[in-house]
Amino acid sequence: MSLHDFTVTDINGDEFDLSQLKGKKVLVVNTASECGLTPQYEVLEELFQEYGGDDFVIIGFPANNFGGQEPGSDEEIKSFCQKNYGVSFPMMSKISVKGDDKHPLYQFLTMKAKNGVEDAEVSWNFQKFLIDENGNYVAMVPPQESPASETIINWITSN
């Protein structure tokens, strides 16, 4: 199983086949608009501006699983992200990243039985998952760690 096996819905309501990302490293992050970590949107966008393109992409998944910190509709989230942070990396439709209604993609990301690497339950907003060019799970980066951390930059720039 790999990231490329999933199709999700983007923030505009269109299907987004993750297999179109073959050949790119992917940083998957669950986001929220009313969280203490929300300013990470700015760092994520800077990272995307610097490294995004043929070899790297960021995909944001708004989720309202922690303290009701993402209460808005997809349209409200999209507007917030663009107005406040100029987000240009792909944002998906709001999903659940934990619990009984956890999205199948997040089942893959958080369960060793599916990703083959580790169990990595989402502990808060802005938890980051690193996925290699072949769609394989590489690692989880905790929510509090900056998207511009040495761990993430080294991973993006390594061959």
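Trainee: Which residues do ring pairs link into a cluster?

Mentor: In this predicted model, the cluster linked by ring pairs consists of Tyr41, Phe80, Tyr85 and Phe126. The structure holds ten aromatic pairs.

Trainee: Why is the pair of tyrosine 41 and phenylalanine 126 called edge-to-face?

Mentor: The ring centres of tyrosine 41 and phenylalanine 126 are 5.4 Å apart, and a pair needs centres within 6.5 Å. Their planes stand at 90°, and the cut-off for edge-to-face is over 60 degrees. The pair is therefore edge-to-face.

Trainee: What makes this pair a tie between parts of the chain?

Mentor: Tyrosine 41 belongs to helix 1, whereas phenylalanine 126 sits in the loop between helix 4 (112-115) and strand 5, so the pair ties together parts that are 85 residues apart in sequence.

Trainee: How do you know whether tyrosine 41 and phenylalanine 126 are buried or exposed?

Mentor: Buried means under 20% relative accessible area. Tyrosine 41 has 0% relative accessibility, so tyrosine 41 counts as buried. Phenylalanine 126 also has 0%, and therefore counts as buried.

Trainee: Why is glutamine 69 put in one class and glutamine 144 in another?

Mentor: Glutamine 69 has a relative accessible area of 15%, which is set against the limit of under 20% for buried; glutamine 69 is therefore buried. Glutamine 144 has 58%, and exposed means over 50%, so glutamine 144 is exposed.

Trainee: What do these two glutamines touch, leaving aside residues up to four places away in sequence?

Mentor: Glutamine 69, in the loop between strand 4 and helix 2 (74-85), touches Ala32, Ser33, Glu34, Cys35, Asn64, Trp124 and Asn125. Glutamine 144, in the loop between strand 6 and helix 5, is in contact with Leu37 and Gln40.

Trainee: How do you know that the buried residues of helix 5 are on the same side?

Mentor: The buried residues of helix 5 (residues 150-157) are Ile152, Ile153, Trp155 and Ile156. They cover an arc of only 160° around the axis, which puts them on the same side of helix 5. Their cover includes strand 3 (25-31), helix 1 (40-51), strand 4 (56-62), strand 5 (128-131) and strand 6 (137-141).

Trainee: What makes up the lining of the largest pocket, by class?

Mentor: Seven residues of that lining are nonpolar, three are polar and two are charged. Among the lining residues are Asp10, Lys78, Phe89 and Met92. Asp and Lys count as charged, Phe and Met as nonpolar. The space in the largest pocket is about 170 Å³.

Key
Residues numbered from 1 in each chain as written. Predicted model: local features only at pLDDT ≥ 70, side-chain atom pairs only at ≥ 80, totals over all residues. Heavy atoms only, no water. Buried < 20%, exposed > 50% of the residue type's maximum accessible area, 1.4 Å probe, protein only. Arc of directions from axis to C-beta. Contact = heavy atoms within 4.5 Å. 1 Å grid on protein atoms, 1.4 Å probe; cavity = no way out; pocket = protein on both sides within 12 Å on 5 of 7 lines; lining within 4 Å. Points joined across faces, edges and corners; volume = space filled by probe spheres on them. Phe/Tyr/Trp six-rings, centres within 6.5 Å; stacked < 30°, edge-to-face > 60°.
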